[in-house]
Amino acid sequence: MEHSKQTQYSSNEKKDTGDGGSVLNGHFDGMVKRPAGGTARAAAAPQAPGAESGSHRAATSVMESWKEERTRSVEDNEMSLPSLAAAYTTILRGLGEDPQRQGLLKTPWRAATAMQFFTKGYQEKIIDVLNDAIFDEDHDEMVIVKDIDMFSMCEHHLVPIFGRVHIGYLPNKRVLGLSKLARIVEIYSRRLQVQERLTKQIAVAITEALQPTGVGVVIEATHMCMVMRGVQKMNSKTVTSTMLGVFREDPKTRDEFLTLIRS
Amino acid sequence: MNGHCNGKVNDATSAAHRMHETSRKEAEDESRLPALEAAYTSILRELGEDTDRQGLLRTPLRAAKAMQFLTKGYHETIDDILNNAIFDEDHDEMVIVKGIDMFSLCEHHPGVHIGYIPNKKVVGLSKLARIVEIFSRRLQVQERLTKQIAMGISEALQPKGVAVVIEAAHMCMVMRGVQKMNSRTVTSTMLGVYLEDPKTREEFLTLSQHY
């Protein structure tokens, strides 16, 4: 049964290769269709943090995030639980703990369920979340939803990342239900992530849903992999941003957005 | 059980905790790494991820090492870090070190506050923070962590009193489950004169509040 999940995954990948990009669990790598047609892997380098004028012009060329992203179902979760719990038991032993002591007896199951929760973004599709809540509205001023709490998992160390997401967009005759912006953040953040990719995925999803005049996404986050271990810098924050459309082209619009999210 | 213990040391329990201190040697870490890596690889697959994609290629190794680091308190002992830094000093006023950042598995931030009243022996100040590190770099329960820190100081210095207060946010409550962003859990252990004399306790609590 586990194989079915893997096959479903790899058949997705085969489907997408023809586009010059490929979907890996909803993470596009190098979404931009470069005229030179580089390999998908080569284009997969994450953008530099905080880059507002990255080399990608990804406003319209990204279709992959609309494709079938779901690689996991509730049934898959139930079937994986025993193996996940077994893996966590191995980890507890490997760390020198005694999995039989009272405090740890059910820990492997709790940890497994928690990990599935932290990666539940793999079970959800943008389409399910958005389709009902796009409204025609003759509004062309900036809409900002800021200070959206975000929790993700670092894909390199499997430790938490948490922070805040600020989203702004300029509607072009269509607006989105406000909580749907937060739901988009949830879908992409509840995964094994890299902050640069997360920022871009959110911006691209909004762009494709609404075709707005422009979108700006800023994420400020604390990475536990830097705080709890490694360099151990308590107060450091990582800031990344993606500006699309008029937010990228017009400095005044961008300024207005950045000012309003600071206050 | 969190909070003020009645001053009586449950010797069996603290001995067990002390035994925990030496249950893992650094040399073992290396030999356990492959098993940990395999477990993490299995976890990634079970979650539906592709372990061959670029970002995840070395993740099982990184995660295993990170986990070992986060539980390195298991192979550190109080004696190792304290023995050199206890000094005879004729000081009998309260000594407080507050706002010690603490990260344990599940708990983190904002602070551990420690106070003690020396009885002819003071300890190098950074050693208080190191004691916090030893006990927090483990799989923990906040109540136990608080008590272990207090007991550790108590046994090393035999002071007139020790107070430890921990205020922490639990990621298990913030990132999942009830998902309450701003909740904090506060536990305290008061030993010796901090337990017996309300005024002393109050002085400590007042002085450690603002940081």
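Which residue meets A:Lys120 in a salt bridge through its side chain? In this predicted model, the partner is A:Glu186, and the N to O distance between the two side chains is 3.3 Å.

The setting of this pair is the arrangement of chain A, for which the domain assignment gives domain 1 (71-123) and domain 2 (126-262). The centres of domain 1 of chain A and domain 2 of chain A, taken over C-alpha atoms, are separated by 30 Å. Where the domains meet, seven residues of domain 1 of chain A are in contact with seven residues of domain 2 of chain A, and the area buried between these domains is about 690 Å², with carbon and sulfur atoms giving 62% of that area. On the side of domain 1 of chain A, the residues that lose the most area to domain 2 of chain A are A:Phe118, A:Gly121 and A:Tyr122, which together account for 59% of what that side buries. Between domain 1 and domain 2 of chain A, the count is one salt bridge, while six residue pairs are in polar contact. The residues on the side of domain 1 of chain A that touches domain 2 of chain A comprise four nonpolar, two polar and one charged.

Contacts between the chains were examined in the same terms. Here 46 residues of chain B are in contact with 52 residues of chain A, and the area buried between the two chains is about 4,200 Å², of which 66% is given by carbon and sulfur atoms. Of the area that chain B buries against chain A, 20% is supplied by B:Glu46, B:Leu47 and B:Met175, more than by any other three residues. The count between chain B and chain A is one salt bridge; A:Glu155 forms a salt bridge with B:Arg53, and their closest N and O atoms are 2.7 Å apart. Polar contacts between chain B and chain A number 12 residue pairs. The elements giving two or more residues to the side of chain B that touches chain A are helix H2 (26-46), helix H3 (59-70) and helix H7 (171-174) of chain B, and the largest share of that side, 10 residues, comes from H2(B). By residue class, the side of chain B that touches chain A divides into 21 nonpolar, 12 polar and 13 charged residues.

A further residue of chain B, B:Arg137, lies in the loop between helix H5 (125-136) and helix H6 (142-157) of chain B. B:Arg137 counts as buried because its relative accessibility is 1%, below the 20% limit for that class. Apart from neighbours within four places in sequence, the residues in contact with B:Arg137 include A:Met228 and A:Gln232 of chain A, as well as B:Phe69, B:Tyr74 and B:Phe103 of chain B.

Note on methods. Residues numbered from 1 in each chain as written. Chains lettered and ligands numbered in written order. Predicted model: local features only at pLDDT ≥ 70, side-chain atom pairs only at ≥ 80, totals over all residues. Heavy atoms only, no water. Domains from an automatic or database assignment. Contact = heavy atoms within 4.5 Å. Buried area = accessible area lost by both parts, 1.4 Å probe. Salt bridge = Lys/Arg side-chain N within 4 Å of Asp/Glu carboxyl O. Polar contact = N/O pair within 3.5 Å; in protein donor to acceptor, adjacent residues only side chain to side chain. Nonpolar A, V, L, I, M, F, W, Y, C, P; charged D, E, K, R; others polar. Helix = DSSP H or I, 4+ residues; strand = E, 2+ residues; numbered from the N terminus. Buried < 20%, exposed > 50% of the residue type's maximum accessible area, 1.4 Å probe, protein only.
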